[in-house]
Amino acid sequence: MSASQPPHPADTPTLLVKIFGKDRPGLTAGLFDTLAAYSVDVVDIEQVVTRGRIVLCALVTAPPAGLEGDLRSTVHSWADSLKMQAEIISGLGDNRPRGQGRSHVTVLGHPLTAESTAAIAANITAIGGNIDRIFRLAKYPVTAVEFDVSGTETESLRTALALEAAKLGVDVAVVAAGLHRRAQRLVVMDVDSTLIQDEVIELFAAHAGCEDEVAEVTAAAMRGELDFEQSLHARVKLLAGLDASVVDKVRSEVRLTPGARTLIRTLKRLGYQVGVVSGGFTQVTDDLKERLGLDFAQANTLEIVDGKLTGKVTGEIVDRAGKARLLRRFADEAGVPLEQTVAIGDGANDLDMLNAAGLGVAFNAKPVVREAAHTAVNVPFLDTVLYLLGVTREEVEAAHTHTD
């Protein structure tokens, strides 16, 4: 038989053996021990356990002539002895081939309602998609489920589900299926209001007594109403004369976003490289890079002369275009194709970076950013981004348990 020929042609008689009931150790081995007496080949297996109840399906070739009745009787007797139910269905060949165009659809809900699940499933069907498999990725801190979908193109699916998700108040991410999902990747995130809960310049402003003025300009810039570079210079100018010792105070005041350490720790254990780009300042991002074990970090630099902040920044400005440029630079240095990158951000200043990445994630973002990004996460836990990458909660907890 050549490698191109299927082992079991479409006209091969097969039996679908289904077992239902209370789960217990040894069921799978017991079923196949029972089937082994009839010299059948295994074509496919699927098993699902939900709240202690099992559905075990085995697609096998039909036994030699004259033995099918005996096989059926033996399987039913074995199931009855375990207080299980059995169903055996005759047919031909393997499962039908999956359609062209394959995607992973991750749905996050807090909670995930039956109404929203029904609507997502109906939309997949409406554009010609077929749900081949559903798997729960996490039950905490959000409910995350993944649909394997075939029969429609990823971009069409993403567009249709993005509109539905916005109406339902759930987060939906759609990515193309393939080997690349488990390949080495690079994750680059914004800092202020993404990796951390704060706006760093506002922390500096609090020490300079100009919080209100800085916050007003920051908010306008994040909404995309002001040119970032102009707003940066205007805000930094208000810090002139601050003693450089304030840098250590601001570092101590920075609060990581819930789930930030878990996200980074898990990504690193999976072999990912992780970086940050910020319209804030290297005086803070360099410290975060060391504390969190980041691979890359780039931000603006506050000028300090004679122990005082001058009210100026030095070097290349990290603005909206600069963040996308740095994403490409980090990817090149990491040896990761751009399509294998993930960018996470919340403001208009992140839009170019989110659009340049293979997957752009708007994290608790402004409306203009949510509408433009590939997907959005609207729960306050940064580690939920892991579920968009197909990482399960069990894998997250294992990374935590085995932290060196």
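**Entry 1. A bridge between two strands**

I began with V188, whose bridge partner in β13 is A343. The strands concerned are β9 (residues 186-189) and β13 (residues 341-345), and I found them paired in the parallel sense over four bridges. I counted two strands as paired if DSSP finds at least two bridges between them. Helices (H or I, at least four residues) and strands (E, at least two) are DSSP runs, numbered from the N terminus.

I note that this is a predicted model, in which local features need pLDDT of at least 70 and side-chain atom pairs count only at pLDDT 80 or more, while totals for chains, interfaces and linings use all residues. Residues are numbered from 1 along each chain as its sequence is written, and side-chain values use heavy atoms, with hydrogens and water left out.

**Entry 2. The sheet**

I then traced an open sheet of seven strands with mixed pairing, in the order β12-β11-β10-β9-β13-β14-β15.

Helix α10 (residues 282-292) touches β10 (273-281) and β11 (296-305), and its direction makes about 140° with that of β11. Helix α11 (residues 320-334) touches β9, β10, β11 and β13, and its direction makes about 155° with that of β10. The axes are lines fitted to C-alpha atoms, for helices over the stretch in contact, and angles run from 0 to 180 degrees between N-to-C directions.

**Entry 3. Salt bridges**

I searched the whole structure and recorded 17 salt bridges, each a side-chain nitrogen of Lys or Arg within 4 Å of a carboxyl oxygen of Asp or Glu. For burial I used relative accessible area: under 20% is buried, over 50% exposed, and partly exposed lies in between (1.4 Å probe, protein chains only).

- E68 and R72 meet through their side chains at 3.0 Å, N to O. Both lie in helix α2 (residues 68-81), four residues apart, about one turn of the helix. E68 is partly exposed because its relative accessibility is 27%, and R72 is partly exposed at 23%.
- K167 pairs with E164, the closest N and O atoms being 3.4 Å apart. They are three residues apart in helix α4 (residues 154-168), so about one helical turn separates them. K167 is exposed at 65%, whereas E164 is buried at 11%.
- D352 and R320 meet at 2.9 Å, N to O. This pair links distant parts of the chain, with D352 in helix α12 (residues 351-356) and R320 in helix α11, 32 residues apart. D352 is partly exposed at 27%, as is R320 at 36%.

I also noted a network of salt bridges that links D190, K323 and D350.

**Entry 4. The chain as a whole**

I listed 15 helices and 15 strands in the protein chain. The C-alpha trace spans about 95 × 45 × 40 Å along its principal axes. Its radius of gyration is 27 Å, whereas a compact globule of 404 residues would have one near 22 Å; the radius is taken over C-alpha atoms, and the globule rule is 2.2 Å times the number of residues to the power 0.38. Buried residues make up 49% of the 404 residues.

Definitions and conventions: Contact means heavy atoms within 4.5 Å.
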